[in-house]
Amino acid sequence: MKKYFNLFDLNQKVDYKNEVLSGLTVAIALVPEAIAFALLAGLSPLTGLYAAFTIGLITSIFGGRPGMISGATGAVAVVFIGMIIELKSKVDVTGDQIVQYIFATVVLAGIIQMLIGFLRLGKFIRLVPHSVMYGFVNGLAIVIFMSQMNYFKSRGASGELEWMTGTPLLIMLGLVLLTMVIIWGLPKITKIIPSSLAAILVIAFITIGFGLDVSTVKDTLDGGSIEGGFPPFNVPQVPITWDTLLIILPYAVIMAGVGLIESLLTLNLIDEITQTRGRTNKECFPTRRSSDLTGFFSGMGGCAMIGQSLINISSGARARLSGIVAAIALLLFIMFSSGLVEQLPMAALTGLMIMVSIGTFEWASLRTFNKMPKIDIFVMLVVMFVTVYFHNLALAVLVGVIISSLTFAWENATRIRARKKIDEDGVKHYEIYGPLFFGSVSIFNEKFDIANDPEEVVIDFSESRVVDMSGIEALNKLTELYQKAGKKIHLKHLSQDCRKLLKNADKIIDVNVLEDPTYKVMADELAN
């Protein structure tokens, strides 16, 4: 009989056993990732592990998406690379002082994320088109897969990484394939234990029991260790000056943006997989809290980790408990079991991440190439390319949204139409169809023949909508041109706020309270 444990999700039943085992699997998978990202930023392994613990625990308890895993990520680590280069060029700092600047940046990024959540800006993630999501997910799957290729390399006589050959390569390939087979096949037999955890334990038993000479987690530490205590409290020791703020603020803004974009996109992806809904604005606040605290507890900051989140979800976790278990287990590894964790074979973790990349890739997107609009395919490929080439997910999403937005604006700009007729009284009627906004103003102006129009003209907006100030200004100029030509013009079916913004509105607008629309122009508040 299943045991259910309800933690912070009062309306959701939680499979206690599955949540705990999934959390342990994620904790094991977090170790090499957190270490790799810390080393990428030029920091100690413990800095990445402390960040994974702090962020993972807080977001699991308070976050807007149960089951999502957060920790130190590569996108955040890349931000610190640029910051360290600038610090070395502008400020005379040592390695320990650089770390303090990084902690200060993490805290400031948390404050920025808090403001984003307070202003409820997380909802704007809805503006990310599906084609951008496809490109983001597919690009990320490729990045995850390519990052695992380094584990098929070993250091040669020159000290440089070289591709494995011969027996070492065969052993590595065999263990990786066995890991993938277990992860794929075990759920078809039993779901008592998550297949990912079972695969890691089986491969570890084989390598340790038979004494195989394979790469382990310890080999990724560059002589360091993951052994440590509870994250030490530390107030960032940086000069409280304007110059310091100018240095760290741009990187804090980038870090906040990258963190929220990755977190919210991961949230949306898990929503789609689990057919449930997370809360985007709520996710901004725990991200902020975790960033603040990890900056005060020797962590490098981070955000949602799509790879580990997918491991968690694919293992059957659906609630907050798995993330809490993962964070606490990671801390216990650091404090009491570092020696055992360091012996885990990288072949098992490599096979696990390759299966994650296969599961992450949206294979359905390949079948839509002949069905999707060409511009959507183009956007998807661009986002995928930027993700893979620059390893910058925030930039990739931004590029995709800009292209999609410009395309949407152009398509709507060409949709505006005007049906013309002259009634029995000699009055010319223009019936406008389509939105009037900055993109369609030029085409709108071309519809009118002021010189040859009769003495009285009616422009009917019952099938149109004035969207922004550019549309209002176009109407103002049009009415002025008709008035200068000595002709009378009437504007029908405009919203109340449009009338307020138009000059001489009382003279040119036919008021029909029963038929006129009540929508608002987006620029109304700005104009007032």
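At what angle do helix H5 (residues 130-147) and helix H8 (residues 242-274) pack, and how far apart are their axes?

## Packing of H5 and H8

In this predicted model, the angle between helix H5 and helix H8 is about 100°, and their axes lie 12 Å apart. Angles of 65 to 115 degrees count as roughly perpendicular, and H5 and H8 are therefore roughly perpendicular to each other.

On the H5 side, the contact is formed by His130, Met133, Phe136 and Val137. H8 contributes Leu265, Asn268, Leu269 and Glu272. By residue class, the contact of H5 with H8 comprises five nonpolar, two polar and one charged residue.

Strand E5 (residues 417-422) and strand E6 (residues 428-436) run antiparallel and are joined by six bridges. Within this pairing, Lys420 is placed opposite Tyr430 of E6.

Five residues separate the two strands of the hairpin, and Gly426 adopts a positive phi near 80° there.

Lys428 has Val457 in E7 as its bridge partner. Between E6 and E7 the chain passes through helix H16 (residues 441-446), giving a right-handed β-α-β crossover.

Strand E7 (residues 456-466) is in turn paired with strand E8 (residues 488-492) in the parallel sense, over five bridges. Here Asp460 stands opposite Lys492 of E8.

## Salt bridges

Which side chain meets that of Lys218 in a salt bridge? The partner is Glu342, with an N to O distance of 3.6 Å. The count for the model comes to four salt bridges.

Lys218 is located in the loop between helix H7 (195-209) and H8, while Glu342 belongs to helix H12 (residues 338-342), so the pair ties together parts that are 124 residues apart in sequence.

How values were computed:
Residues are numbered from 1 along each chain as its sequence is written. This is a predicted model: local features need pLDDT of at least 70, side-chain atom pairs count only at pLDDT 80 or more; totals for chains, interfaces and linings use all residues. Side-chain values use heavy atoms; hydrogens and water are left out. Two strands pair if DSSP finds at least two bridges between them. Helices (H or I, at least four residues) and strands (E, at least two) are DSSP runs, numbered from the N terminus. Axes are lines fitted to C-alpha atoms, for helices over the stretch in contact, and angles run from 0 to 180 degrees between N-to-C directions. Angles under 35 degrees count as roughly parallel, over 145 as roughly antiparallel, 65 to 115 as roughly perpendicular and the rest as oblique. Contact means heavy atoms within 4.5 Å. Ala, Val, Leu, Ile, Met, Phe, Trp, Tyr, Cys and Pro count as nonpolar, Asp, Glu, Lys and Arg as charged, and the others, Gly among them, as polar. A crossover is right-handed if, with the strands pointing away from the viewer, the path from the first strand over the helix to the second runs clockwise.
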